[in-house]
Amino acid sequence: MGLSDNLKGVILAVASSAFIGSSFILKKKGLKRGGASGIRAGVGGYTYLLEPLWWAGMITMIMGEIANFVAYIYAPAVLVTPLGALSIIVSACLAHFLLNERIQKMGIVGCVSCIVGSVMIVIHAPQEHTPSSVQDIWTLATQPAFLVYVVATLSAVLALVLHFEPHYGQTNILVYLGICSLMGSLTVVSIKAIGIAIKLTLDGMSQIAYPQTWFFLTVAVICVITQLIYLNKALDTFNATLVSPVYYVMFTTFTIIASVIMFKDWSGQNAGSIASEICGLITVLSGTIILHVTREQEPPPPPVGTVTWFINGDSLKSPEEEHLITHHRLDEYYEP
């Protein structure tokens with residue numbers, strides 16, 4: 001007896017979470033090494049591109065996104081997206097051992113809550129209803145309710161990029177991750193449309209000639225590039241154990257809203273199943289919030305005017321923890 005489409009989606013989503021959770025840590029280490037030898041990504045630098053660890057994280061993330069991409073072909077977004085909570089657990093555990101970003105006792109409770117909520121969602125998730133052509137998907141994408149969501153999303157992204165990022169980007173994590181999450185919701189629905197088109201093509205019903213297929217592909221590429229740029233800025237500026245859960249909460253919320261509006265995932269489900277899914281989602285989000293409030297604070301970057309040499313590799317440590325050579329400006333001690 002073969003696996004159901006939903007079960008295939010669950011397996012792929014779990015594998016995706018393992019890859020993506022690991023990629024956060026690899027990229028974070030690469031960003032820290034790049035920042036130590038040049039301009040930090042958070043203030044516009046690109047020296048991290050010379051770091052093998054960052055590229056290892058990028059490759060791992062791509063593998064996770066491919067698994068996630070295929071998962072969306074087999075299962076609805078309301079099932080696949082919340083399983084991303086497992087990536088939070090992976091990244092938190094790896095950060096504990098590799099980045100010295102320690103998990104508090106309540107953080108363990110948060111991890112358990114994420115797992116329990118994910119199980120609830122898997123049990124009550126709706127079955128996938130695959131459209132018969134990319135034209136059917138286009139009809140769903142151009143319905144008035146979804147068009148209103150798209151306009152609202154793009155307006156919010158423009159406001160964040162043009163107004164809030166210059167003033168609050170370095171101090172408020174919601175700016176960078178808000179851009180990532182809003183664009184991410186459009187990425188998911190576009191990726192799902194592309195995945196369905198590929199699946200139908202492999203089944204003998206070619207969708208390549210339809211312009212809608214290439215439109216969805218273009219939208220997905222633009223959204224993914226935007227996500228990567230602002231996710232790099234968030235990782236370089238804020239603690240990895242903070243970025244992962246907050247990004248997950250926002251991304252999951254916006255993605256489920258977009259998917260429910262466009263693909264009508266809850267259509268045909270009874271009120272009890274929908275309520276159980278919502279409770280599972282709230283449980284998962286509560287777990288991520290617990291991880292957020294019990295995090296350790298990221299040490300601030302060295303102040304301008306101070307040059308610090310790190311003798312022990314890429315770890316960022318305080319003067320009390322590491323042997324440092326620090327050069328101060330002369331005008332701090334002498335007056336002309």
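This passage describes the fold, the annotated spans and the side-chain pairs of a predicted model.

Residues are numbered from 1 along each chain as its sequence is written. Because the model is predicted, local features need pLDDT of at least 70 and side-chain atom pairs count only at pLDDT 80 or more, while totals for chains, interfaces and linings use all residues, and side-chain values use heavy atoms, with hydrogens and water left out.

Confidence comes first. The mean pLDDT of the chain (pLDDT being the predictor's confidence in each residue, from 0 to 100) is 82, and 85% of the residues reach 70 or more. Two stretches call for some care in reading. Over residues 308-326 the pLDDT stays under 50, and the model has 25 contacts there beyond four places in sequence, a contact meaning heavy atoms within 4.5 Å. Residues 332-336 also have pLDDT below 50, with one contact in the model beyond near neighbours in sequence.

The secondary structure comes to eleven helices and two strands, where helices (H or I, at least four residues) and strands (E, at least two) are DSSP runs numbered from the N terminus. Along the sequence the pattern reads α-α-α-α-α-α-α-α-α-α-α-β-β. Of the 336 residues in the chain, 48% are buried; buried means under 20% relative accessible area, exposed over 50% and partly exposed in between, with a 1.4 Å probe and protein chains only. Among contacts between residues at least 6 apart in sequence, 80% join residues at least 24 apart.

An unreviewed UniProt entry carries the annotation "transmembrane region" for residues 6-26, 46-67, 73-99, 106-125, 145-162, 174-198, 210-230 and 242-262. UniProt positions are given in the numbering used here, feature names are shortened, and annotations may be inferred rather than shown by experiment. In the model, residues 210-230 are 95% helix and 0% strand, with end C-alpha atoms 32 Å apart. Residues 242-262 are 100% helix and 0% strand, and their end C-alpha atoms lie 30 Å apart.

Turning to charged side chains, the count comes to one salt bridge, defined as a side-chain nitrogen of Lys or Arg within 4 Å of a carboxyl oxygen of Asp or Glu. Lys233 and Glu165 form this bridge, their closest N and O atoms being 3.0 Å apart. Lys233 lies in helix H9 (residues 211-237) and Glu165 in helix H7 (residues 144-168), so the pair ties together parts that are 68 residues apart in sequence. Glu165 is buried, at a relative accessible area of 15%. Elsewhere, Lys192 lies over the face of Phe263, at 5.7 Å from the ring centre; the rule asks for NZ of Lys or CZ of Arg within 6 Å of the ring centre and within 35 degrees of the ring normal.

The structure also holds eight aromatic pairs. Rings of Phe, Tyr and Trp (its six-membered ring) pair if their centres lie within 6.5 Å; planes under 30 degrees apart count as stacked, over 60 as edge-to-face and the rest as tilted. Trp138 and Phe215 are edge-to-face because their ring centres are 5.3 Å apart and their planes stand at 90°. With Trp138 in helix H6 (residues 134-141) and Phe215 in helix H9, this pair ties together parts 77 residues apart in sequence. Trp138 is partly exposed at 29% relative accessible area, and Phe215 is partly exposed at 42%. The rings of Trp138 and Phe216 have centres 6.0 Å apart and planes at 65°, so this pair is edge-to-face. Phe216, at 5% relative accessibility, counts as buried.
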